[in-house]
Amino acid sequence: MSEFYGRQLLLLLVLSPVLEEVVVRAGLQEWLMRRAPQAVAPPVLVSAATFGLLHLRSGWLHALAVIVPGLALALLYQRTRSWYWCAVAHSAMNAFAISVCGL
């Protein structure tokens, strides 16, 4: 395995999921949930849309494609309030995407 490939795997399977879930779920979504404790949809939708926007560097199609997984991660956070499990699920999604699409 080349050094570049190893670094890309580390980035996609560990660093990105942890950083994105801490910022989007434990940060933004948690803040929205605390501001409106009875509202379920707004925190979920806003965090999923933000998750999509974070992926714009890969193009609009990619950003739109990750909104559905972003919704799943937002619902997981809404239910568990654990960014850790969101990061694990995010990493698994990235691993699946790498196995299907390549690196």
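Select Arg-81 to begin: this residue is partly exposed, with a relative accessible area of 43%. On the scale used here, buried means under 20% relative accessible area, exposed means over 50%, and partly exposed lies in between (1.4 Å probe, protein chains only). The model is predicted: local features need pLDDT of at least 70, side-chain atom pairs count only at pLDDT 80 or more, and totals for chains, interfaces and linings use all residues. Residues are numbered from 1 along each chain as its sequence is written, and side-chain values use heavy atoms, with hydrogens and water left out.

A salt bridge joins Glu-30 to Arg-81, with the closest N and O atoms 2.7 Å apart. This pair links distant parts of the chain, 51 residues apart: Glu-30 sits in helix H1, and Arg-81 in the loop between helix H4 (67-80) and helix H5 (83-101). The term salt bridge here requires a side-chain nitrogen of Lys or Arg within 4 Å of a carboxyl oxygen of Asp or Glu. Helices (H or I, at least four residues) and strands (E, at least two) are DSSP runs, numbered from the N terminus.

Stay on Glu-30 and select Arg-34. Glu-30 also forms a salt bridge with Arg-34, where the closest N and O atoms are 2.8 Å apart. Both residues belong to helix H1 and are four residues apart, about one turn of the helix. Glu-30 counts as buried at 9% relative accessibility, whereas Arg-34 counts as exposed at 62%. Show the three side chains together: Glu-30, Arg-34 and Arg-81 are linked in a network of salt bridges.

Across the whole structure, a search finds four salt bridges.

Finally, select residues 8-96. An unreviewed UniProt entry annotates this range as "domain: CAAX prenyl protease 2/Lysostaphin resistance protein A-like". UniProt positions are given in the numbering used here, feature names are shortened, and annotations may be inferred rather than shown by experiment. Over residues 8-96 the chain is 85% helix and 0% strand, with the end C-alpha atoms 15 Å apart.
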